[in-house]
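The sequence and structure are shown first.

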There are 2 protein chains.
Amino acid sequence: MARETLVDSRQEILRTAARLFQQRGYDATSMNDVAAALKLSKGGLYHHFHSKDEILFEIMNHAMEITQERVLNPVRSIADPEQRLRALIRLHIEVVLSLRDREITVMLHENHPLPPSLRKRINSRKKEYVHFLEKLVAEVQSKSRRPHAAKDRVSPRAAAFALLGMINWIYQWYKPEGDLQAQNLIPQFTDLIFGGILA
Amino acid sequence: MARETLVDSRQEILRTAARLFQQRGYDATSMNDVAAALKLSKGGLYHHFHSKDEILFEIMNHAMEITQERVLNPVRSIADPEQRLRALIRLHIEVVLSLRDREITVMLHENHPLPPSLRKRINSRKKEYVHFLEKLVAEVQSKSRRPHAAKDRVSPRAAAFALLGMINWIYQWYKPEGDLQAQNLIPQFTDLIFGGILA
């Protein structure tokens with residue numbers, strides 16, 4: 001059986017390419033490098049992806065799909081807004097800390113130049129997530145037992161961006177051997193956000 | 001007067017290089033490109049910097065100096081911890097939003113490969129900032145009029161990383177024409193953090 005047939009998933013290519021892009025930089029990594037790392041012929045790689053831009057776009061798209069499947073879809077069915085927000089924070093942190101997905105999801109934050117049409121598609125998926133989070137924060141605030149006038153509260157939009165910043169920034173400081181791990185980070189970031197949006 | 005003498009500051013080179021690195025990618029930008037953008041001869045550029053690595057290191061180092069001068073130094077003299085933290089949040093957001101400094105400071109977050117010895121020097125400056133912030137959060141918490149047992153509170157370390165994430169993430173979503181601008185962003189992020197660390 002040829003090696004080519006062993007690469008049964010485009011995901012393996014995406015994961016390997018993502019790792020190379022992070023190690024060497026996007027521009028310094030050629031299609032040849034990606035093929036070589038996968039022990040694929042160049043033709044074998046081009047059979048799956050026509051260009052490096054396409055690979056980068058598919059990595060980012062895959063990262064958004066991971067977010068959709070592991071964070072958004074599971075929380076949609078939770079009726080209580082407070083529980084829905086708690087679950088979203090937990091699941092999003094788990095995705096960010098996931099060893100398996102990190103090399104894919106971290107690529108979302110690199111501002112590599114993508115052709116405008118592809119960039120637009122990624123940005124519109126990112127916006128959907130922000131809007132979902134914004135509506136959720138507003139729901140939590142309006143159902144709070146300590147209702148404040150809206151003008152005295154942190155706006156759902158500022159809170160949504162703050163939460164995304166806190167969580168997406170984790171990859172900048174996280175160390176697998178450090179004190180802050182999922183089990184203490186999740187409750188602390190949850191308390192911080194709830195303290196902040198309901199204060 | 002030769003063009004060379006007009007480039008009176010290394011800062012102009014750093015700012016131009018930072019802009020090119022962001023537009024085209026670090027790897028895709030050559031020393032020739034940097035020289036050309038500044039209308040400098042290649043020799044003129046090498047007179048100031050010996051390599052692209054050196055330029056990248058000096059950009060990051062300059063970004064840390066900006067943070068030192070515009071955020072850390074001004075807040076050190078503020079006696080009251082709560083006021084000190086409020087000032088730090090405000091000044092840090094102002095640096096991140098500063099049009100003039102943004103092309104420099106945003107480079108801090110790109111994970112371009114730097115030789116380990118240079119990377120270490122940048123990381124140790126970043127760590128100093130985290131430690132300063134951590135101690136400040138602890139002071140604010142211990143002087144709060146609503147004292148909680150330390151175990152029930154968000155740890156100063158988690159709070160420090162959360163705050164840095166919120167603020168350093170701004171460049172990912174900020175739009176000069178958007179609703180969230182310094183004057184409403186600063187009080188909202190301040191309320192969110194104080195609500196979170198004192199809840």
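## An exposed histidine

His47(A) is exposed because 12 other C-beta atoms lie within 10 Å; a residue counts as exposed at 12 or fewer such atoms, as buried at 20 or more, and as partly exposed in between, with C-beta atoms placed from the backbone. His47(A) belongs to helix H4 (residues 42-48) of chain A, where helices are DSSP runs (H or I) of at least four residues, numbered from the N terminus.

## Model and confidence

This is a predicted model, in which local features need pLDDT of at least 70 and side-chain atom pairs count only at pLDDT 80 or more, whereas totals for chains, interfaces and linings use all residues. Residues are numbered from 1 along each chain as its sequence is written, with chains lettered from A and ligands numbered from 1 in the order in which they are written.

The pLDDT is the predictor's confidence in each residue, from 0 to 100. Its mean for chain A is 89, with 92% of residues at 70 or more. Within chain A, confidence is lowest in helix H1 (residues 3-6), at a mean of 51, and highest in helix H6 (residues 81-97), at 97. The complex receives an ipTM of 0.88 and a pTM of 0.89 from the predictor.

## Helix H11

In H11(A), the buried residues are Leu185(A), Phe189(A), Leu192(A), Ile193(A), Gly196(A) and Ile197(A). They lie on the same side of H11(A), because they cover an arc of only 115 degrees around the axis, taken from the directions from the helix axis to the C-beta atoms.

Key:
Helix = DSSP H or I, 4+ residues; strand = E, 2+ residues; numbered from the N terminus.
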